[in-house]
Amino acid sequence: MGGRYPFQRVDLTVEGKCYLNGEILEVTIAIDDGKIVSVCKPTRAPSSEERIVVKGKKIILPGMVDMHVHMRDLGETDKEDWLTGTLSALYGGVTFVGDMPNNKPYMNEIRKLALKKKVAGSKALVDFGFYSGFPAKLEYVSELIEFGILGFKIYPHDYFKDLQALIKRSEKQNALIVFHAEDPGMVEGQYEGIKNVTVHHILRPEEAEITAVRNLLGLIAYEGIRIHFTHMSSPNAVKEIIGYRAKGFKITCDTCPHYVLLDSSFTSKFGGIAKVNPPLRSEESVKGMRGHLRGGLIDAISTDHAPHKLSEKLDSDYERIPAGFPGLEICLPLLMKLILDEGFPLEILSLYSANPATILRVPKGRISPGFDGDLVIYDYSIRWCVRGEEFHSKAKYTPFEGMEVVGKPYMVIIRGVVALEDGDVKVEKGFGRYVSPYGSRVSRLEA
């Protein structure tokens with residue numbers, strides 16, 4: 001705890017039980033000009049223009065940071081757009097989202113990202129940042145980093161490109177490289193004649209993820225480069241990452257709620273709705289991922305929020321069913337279920353807030369002086385069952401259908417402004433701001 005001299009008047013104070021550095025403490029958080037300026041005992045709190053006191057079965061959390069989402073704008077607004085996607089984020093207690101580059105058009109050069117920034121800035125309700133795909137030209141690397149991208153996202157179809165050249169250029173500016181780990185040679189060309197989605201996990205086997213991680217790390221891992229593996233589903237692939245990390249490499253990874261709560265039987269139950277890449281794994285793999293999560297071996301949690309039209313997800317042809325489903329609205333309640341019902345450590349809350357913000361180098365996800373004044377007042381007295389039809393996303397389906405979860409955000413504060421209160425949105429579209437990593441040219445210009 002600490003911050004500004006306690007008797008200076010500030011814009012807002014929020015007082016009550018708070019999740020702070022793995023503990024629950026009674027504190028007052030002072031926010032001024034959108035930033036947290038002090039975290040102190042209530043008796044030392046500064047005076048404020050507005051004061052919020054949190055009582056009963058409610059707790060103050062940092063704003064959640066989802067480092068892996070797909071908002072679908074520009075060319076697939078029938079699936080999602082920046083208004084509906086960030087509305088879903090807001091109801092899920094998420095105050096910052098990192099949007100992936102596989103939009104239409106594909107995001108791998110400045111002119112496209114500038115258009116995306118304009119569109120997102122006119123609609124978004126929460127703060128946001130962008131990844132670039134493999135650059136259209138390698139000489140674009142520096143200007144993309146200066147534009148303020150969160151990092152470069154590398155998909156399996158990019159493995160055959162000049163990854164080492166990209167990494168050498170990125171290392172000079174300390175950029176993040178994010179990998180989707182599935183060996184293309186083990187998953188492509190295996191779908192011909194397949195009509196049953198229940199075999200998805202067989203056609204995209206766990207070994208494809210393990211092999212991809214092992215091969216990529218053998219090719220590109222060396223001290224200095226920041227590497228992140230996203231949406232990990234294989235406990236053995238995570239072990240490969242841990243082995244390299246123990247040697248001093250800067251390697252992090254995230255997983256998603258569906259890889260620790262759902263197994264491949266849910267594909268049989270929900271069909272194409274549960275189709276996702278990497279696929280839902282065996283019970284044994286889920287158990288292994290849960291063990292890694294409990295043991296603190298996973299660095300972050302993301303949703304891979306991937307909305308599609310319901311008609312696409314219900315297609316009878318396996319090959320035509322797109323992979324992915326929405327998740328922004330239920331990730332935090334699912335984490336609270338793991339904590340309160342299954343005894344997972346409180347620290348997993350940091351995996352969806354402080355940790356991804358640290359990986360992305362954005363001033364979010366932490367209740368600490370100097371960080372953005374993003375808070376979630378979470379009501380953990382509520383229990384409810386997930387119903388896809390109630391989502392605020394355009395994608396109103398989920399393989400978590402009917403699962404009981406714990407709690408909901410009662411209030412969401414972004415940069416010191418109440419954005420959601422008791423189910424009512426309090427900000428207008430376009431409230432969300434573009435946020436870039438520390439060190440980018442954009443962040444220096446906008447500071």
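**Close-up 1. F152 and its bridge partner in a parallel sheet.** In this predicted model, F152 has I177 of β11 as its bridge partner. Strands β10 and β11 (residues 176-180) run parallel and are joined by 3 bridges; strands here are DSSP E runs of at least two residues, helices are H or I runs of at least four, and both are numbered from the N terminus. Two strands pair if DSSP finds at least two bridges between them. Zoom out and you meet an open sheet of 5 strands, paired in parallel in the order β10-β11-β12-β13-β14. The edges belong to β10 (152-154) and β14 (300-301); each has a single partner strand, so one side of each lacks a neighbour in the sheet.

**Close-up 2. The aromatic pair F147 and Y434.** The whole structure holds 9 aromatic pairs, counted for Phe, Tyr and Trp (its six-membered ring) when ring centres lie within 6.5 Å; planes under 30 degrees apart are stacked, over 60 edge-to-face, and the rest tilted. For F147 and Y434 the centres are 5.8 Å apart and the planes meet at 55 degrees, so this pair is tilted. It brings together distant parts of the chain, 287 residues apart: F147 lies in helix α3 (residues 141-147), and Y434 in the loop between β18 (424-425) and α14 (441-446). F147 is buried at 12% relative accessible area, and Y434 is buried at 9%; buried means under 20%, exposed over 50%, and partly exposed in between, using a 1.4 Å probe and protein chains only.

**Close-up 3. T13 and its surroundings.** Here is T13, a residue of strand β2 (residues 10-20), buried at 3% relative accessibility. Its side chain makes a polar contact of 2.9 Å with the side chain of S48; such a contact is a pair of N or O atoms within 3.5 Å, where within protein one must be able to donate a hydrogen and the other to accept it, and sequence-adjacent residues count only if both atoms are side-chain atoms. Leaving out residues up to four places away in sequence, T13 touches T28, I29, A30, P46, S48, E50, R51 and I52, with contact meaning heavy atoms within 4.5 Å.

**Close-up 4. Lysines over tyrosine rings.** The charged end of K58 sits over the ring of Y410, 4.9 Å from its centre. K247 places its charged end over the ring of Y244, 4.7 Å from the centre. This requires NZ of Lys or CZ of Arg within 6 Å of the ring centre and within 35 degrees of the ring normal.

**Notes.** Residues are numbered from 1 along each chain as its sequence is written, and side-chain values use heavy atoms, without hydrogens and water. Local features need pLDDT of at least 70 and side-chain atom pairs count only at pLDDT 80 or more, while totals for chains, interfaces and linings use all residues.
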